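Dear colleague,

Please find below the structure that I am handing over to you. My notes on it follow directly after.

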Amino acid sequence: MIHVEHLHKHFGPVQAVSDVSFDVAKGEVVGLLGPNGAGKTTTMRVITGFLRSSAGLVTVDGIPVSPEEIRTRRLIGYLPENAPLPTDLEVTGFLDYIAHLRGIATTAIPGAIDEMIDTCGLATVVGRPIGQLSKGYRQRVGLAAALLHRPPILILDEPTSGLDPNQITEIRTLIRAIGQERTVVLSTHILQEVEATCSRALIISSGKLVGHGTLSELMRASGGHARYTVALRAAREVIRTALEALPHLEIAEWLSGPTDERQRFTLAGQDPEDRSEEIFGWAVAQNLTLAELTHETASLEEVFRELTQTP
């Protein structure tokens, strides 16, 4: 649905986006992840046609994007970080105004508004001016406006910025539900946002794409590791010999004394895949009594820090 090829965008001497390329397929929920000032918002504004690229190609459903191209805008619902909502308008009055701007047939507008009130959970605030709503509900109104014309693509810029924990949970749940029917791209610098809502992540740092893939692929590509804490009722030499039958894992550290009856140690893996079942099966096959087995992988935070840290 979205194709970005060698995208560049500069503002005078400032290079905001440099040679960024990626694709987003139909039905994906993709997170555009990066530190503040990385180029996420600029990339999104080019995709929506709000900004013109300095170089490169961006297409939506095969149509080249430009500020003059109306066809791509009809395919996109866009919610900027600080949605420009009129505080004096009542919720349904605002949605009616947006529906007319979007060219929705007059006879279809009431049904479209009712659908968005239901989808975005706005029933309790109908009749109230937007200025009287909490930020969480204002965000819901912004989502409703972005979805009103039923676009197949939804672009969300920092959708939970400034919300409290309860509001964040509500908006994330809403995004997951919306993502079952639409292609969604959301930008954020909050790692939990990607883990909670996205099937894939694109990591941008200093205007460049520095990582992309599923969360497990990102961990693997960045040298992500897996570690296991294991406790066995066996002597160290017995354990060392038995480990020859367990490939891809090696002892990283002994956590107990050399002569302790129960030997506790960590195993290190070369990838982030969970091999807990393999370790359990190995212990049974080697006739070893397993007293403890815990699994720890490199976190997305570690991957993010490694990919975006300044040299």
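Helix H5 lies across strands E6 and E7 and runs at about 160° to E6. Contact here means heavy atoms within 4.5 Å; axes are lines fitted to C-alpha atoms, for helices over the stretch in contact, with angles from 0 to 180 degrees between N-to-C directions. Helices (H or I, at least four residues) and strands (E, at least two) are DSSP runs, numbered from the N terminus.

Please note that this is a predicted model, in which local features need pLDDT of at least 70 and side-chain atom pairs count only at pLDDT 80 or more, while totals for chains, interfaces and linings use all residues. Residues are numbered from 1 along each chain as its sequence is written, and side-chain values use heavy atoms, with hydrogens and water left out.

The strands E6 and E7 belong to an open sheet of six strands, ordered E6-E7-E8-E3-E9-E10, with mixed pairing. Two strands count as paired if DSSP finds at least two bridges between them. At the edges stand E6 (76–79) and E10, each pairing on one side only. From one strand to the next, the twist averages 15°. Helix H1 (residues 40–48) also packs on this sheet, where it touches E3 (29–33), E6, E7 (153–157), E8 (183–188) and E9; the direction of H1 makes about 150° with that of E7.

E9 (residues 200–205) and E10 (residues 208–213) are antiparallel and pair over five bridges. Leu202 has His212 in E10 as its bridge partner, and Ser205 stands opposite Lys208. Two residues lie between the strands of this hairpin, and Ser206 takes a positive phi near 50°.

The largest nonpolar core has 46 residues, of which Leu95 and Leu148 touch the most other members; H5 (residues 135–147) supplies the largest share, six residues. Such a core is a set of buried Ala, Val, Leu, Ile, Met, Phe, Trp, Tyr and Cys residues joined through side-chain atoms within 4.5 Å. Buried means under 20% relative accessible area, exposed over 50%, and partly exposed in between (1.4 Å probe, protein chains only). Not counting residues up to four places away in sequence, Leu95 touches Ile113, Ile117, Val141, Ala144, Ala145 and Leu148. Another core, of 26 residues, lies apart from this one and includes Leu7, Val24, Val60 and Ile76.

Finally, Val230 in strand E11 (residues 226–232) is buried, with a relative accessible area of 0%. Beyond its neighbours within four places in sequence, Val230 contacts Gln263, Arg264, Phe265, Leu267, Ile279, Leu290, Glu292 and Leu293.

With kind regards
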